[in-house]
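Biologist: I'm new to this one, and I'd like to learn how to read it. Could you put it up and take me through it?

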Amino acid sequence: ADPSSDEFGPSALAPARRQSWHAMFLRLAVLLCSLGVVGAQQAGTMTKEASPPMAVKHCTKAGGCSVEQGAVTLDANWRWVHEVDGNENCFTGDEWNKQLCPDGQTCANKCAVEGVDVEGYKKTYGIRTISGGVELQFVSEGGNVGSRVYLTDGEESYKVFKLKNREFAFDVDVASLAFGLNGALYFVEMDVAGGKGTRKTGAGAKFGTGYCDAQCPHDIKWIGGEANVDGHHGMCCIEMDIWEANSRAAAFTTHPCSVEGAYRCEGVDCGDVCDKDGCDFNAFRMGRQHFYGVGQDFALDTTKPMTVVTQFLTTDGTDQGDLSEIRRFYVQEGRVIANADVNMQGVPAGNSITDAFCSAQKGVFQDSDSHADKGGLQKVGEALDRGLVLVLSLWDDNATEMRWLDASFPAAEPRGSRPGLARGPCDGSTSSPAQVRKEHGSATVKYTNIMYGEIGSTTSADGRRAGVLLV
């Protein structure tokens with residue numbers, strides 16, 4: 001039986017035999033240990049976790065914006081995993097220690113996910129608190145490559161955003177991000193406790209556990225409190241990519257799934273749960289090659305910071321309506337800049353994501369419409385109702401060299417052979433991880449001034465976005 005089930009709780013061990021819960025618990029613990037039953041992965045005690053503080057603002061049109069204190073915590077995949085009572089590594093390079101981790105349950109009992117202190121965040125991982133937010137460095141002083149952090153409530157849980165019929169705004173600086181890099185801000189339907197509530201994982205959200213996304217990644221080290229030692233399992237969930245960008249290309253993308261919440265998949269199931277391609281709005285791909293780029297010749301000049309505002313509109317303008325449109329605009333140097341208009345034959349005029357846009361785009365680009373098959377915007381809206389976790393990251397791409405964002409993809413097809421292949425101006429010759437790590441290790445992305453609330457409420461905060469509402 002599962003020791004996390006009610007069968008082993010106080011109600012199941014009620015004092016019918018006049019024994020104390022404490023005494024019975026001790027006997028039960030000894031029994032479970034003797035049977036080799038797993039508890040969960042352990043939280044390390046060698047280094048006290050010191051998650052960098054990061055506040056956000058919650059806004060209403062009537063009351064303005066109030067500050068909500070939080071913190072960002074590093075994903076468990078980046079953290080030191082070691083023997084519970086020693087310093088021996090449980091994971092080195094890309095391999096598990098076969099003695100400590102012959103299987104997932106044994107590994108969870110014997111290994112701990114360690115905390116990160118202030119200096120560790122800065123020097124080992126290149127994650128720094130800056131005014132209004134956080135800065136992520138691509139290659140840190142300690143040699144770490146890339147990072148992924150989650151916004152927490154500052155304690156033991158991830159902060160949950162419910163954004164249907166709401167807007168989300170933030171400032172971003174991508175000036176130093178070259179081809180092949182991706183500074184991403186997005187939402188996923190992770191468990192609020194990082195799996196702690198479902199499998200009693202010892203580490204939980206404070207230690208960055210529980211990640212999932214629409215790609216159903218198999219490289220997640222811990223799933224439901226157990227080590228994913230054979231890599232057979234993936235973690236799937238709905239993903240809303242608010243921002244994936246470098247200085248030359250940008251996209252926002254919806255990824256509906258047929259499941260709710262974080263879902264552990266195996267085998268062919270991992271390929272059929274979510275819309276992996278998603279429905280993306282990339283101005284370059286949609287025929288507007290001079291909308292986003294380096295210098296004053298572009299509508300959005302990536303040499304300067306910008307404000308990104310995303311609105312999640314419903315069919316009837318209420319919280320009860322279905323999600324029907326995702327609208328985007330920008331503010332840069334006091335100017336309001338509407339998202340680029342579609343310039344693609346066969347795709348209806350517009351500058352936002354709708355189900356009609358997604359289906360038309362898929363048809364013109366000769367892609368399968370998995371977006372519609374997985375429920376489209378309605379499914380995304382249902383997830384926005386349930387609540388999503390905010391992810392901030394900076395990464396390179398061993399699999400495709402980020403060609404799907406800033407170059408031509410699939411790479412094997414000639415760039416102009418069909419619509420939609422060209423995603424950005426990169427030719428792919430400078431985008432290999434080896435090259436970007438060598439030449440652009442000092443690159444950073446800055447995420448600041450995060451605000452969310454009623455439609456039209458964030459645009460007046462601090463006088464920077466006053467009166468901005470596209471209707």
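This is a predicted model: local features need pLDDT of at least 70, side-chain atom pairs count only at pLDDT 80 or more; totals for chains, interfaces and linings use all residues.

Biologist: Which residues of helix 5 are buried?

Modeller: Buried means under 20% relative accessible area, exposed means over 50%, and partly exposed is in between, using a 1.4 Å probe and protein chains only. In helix 5, residues 355-364, the buried ones are Phe-357, Cys-358, Ala-360, Gln-361, Lys-362 and Val-364. They pack against strand 21 and helix 6 (370-373).

Biologist: Now the overall picture. How many helices and strands does the chain have?

Modeller: You'll find nine helices and 28 strands. Of the 471 residues, 54% count as buried. The accessible surface, from the Shrake-Rupley method with a 1.4 Å probe, comes to about 19900 Å², and 49% of that belongs to carbon and sulfur atoms.

Biologist: And what share of the contacts links residues 24 or more positions apart?

Modeller: A contact means heavy atoms within 4.5 Å. Among contacts in the chain with a separation of 6 or more, 69% are between residues 24 or more positions apart.

Biologist: How many disulfides does a search of the whole structure find?

Modeller: A disulfide is a covalent bond between the sulfur atoms of two cysteines. The search looks for a pair of cysteine sulfur atoms within 2.5 Å, and it finds eight. One of them joins Cys-59 to Cys-65, S to S 2.1 Å. That link is right-handed, with 105° about the S-S bond.

Biologist: Are Cys-59 and Cys-65 buried or partly exposed?

Modeller: Cys-59 counts as buried because its relative accessibility is 0%. Cys-65 has 32%, so this cysteine counts as partly exposed.

Biologist: What does the link of Cys-90 and Cys-111 tie together?

Modeller: The sulfurs of Cys-90 and Cys-111 are 2.0 Å apart, and the link is left-handed, with -95° about the S-S bond. Cys-90 lies in the loop between strand 5 (81-83) and strand 6 (91-92), while Cys-111 is in strand 8 (residues 111-113), so the pair ties together parts 21 residues apart in sequence. Cys-90 and Cys-111 are both buried.

Biologist: Where does the link of Cys-257 and Cys-274 sit?

Modeller: This disulfide, S to S 2.1 Å, connects distant parts of the chain: Cys-257 is in the loop between strand 19 (250-255) and strand 20 (263-266), and Cys-274 is in the loop between strand 20 and strand 21 (279-281), 17 residues apart. The link is right-handed, with 105° about the S-S bond.

Biologist: Last one: what does Thr-152 contact, leaving aside its neighbours within four places in sequence?

Modeller: Thr-152 belongs to strand 11 (residues 147-152) and is buried, with a relative accessible area of 4%. Its contacts are Gly-70, Ala-71, Thr-73, Ser-157, Tyr-158, Lys-159 and Ala-205, once those neighbours are left aside. Also, a polar atom of the Thr-152 side chain lies 2.9 Å from the backbone nitrogen of Gly-154.

Technical notes:
Residues are numbered from 1 along each chain as its sequence is written. Side-chain values use heavy atoms; hydrogens and water are left out. Helices (H or I, at least four residues) and strands (E, at least two) are DSSP runs, numbered from the N terminus. A polar contact is a pair of N or O atoms within 3.5 Å; within protein, one must be able to donate a hydrogen and the other to accept it, and residues adjacent in sequence count only if both atoms are side-chain atoms.
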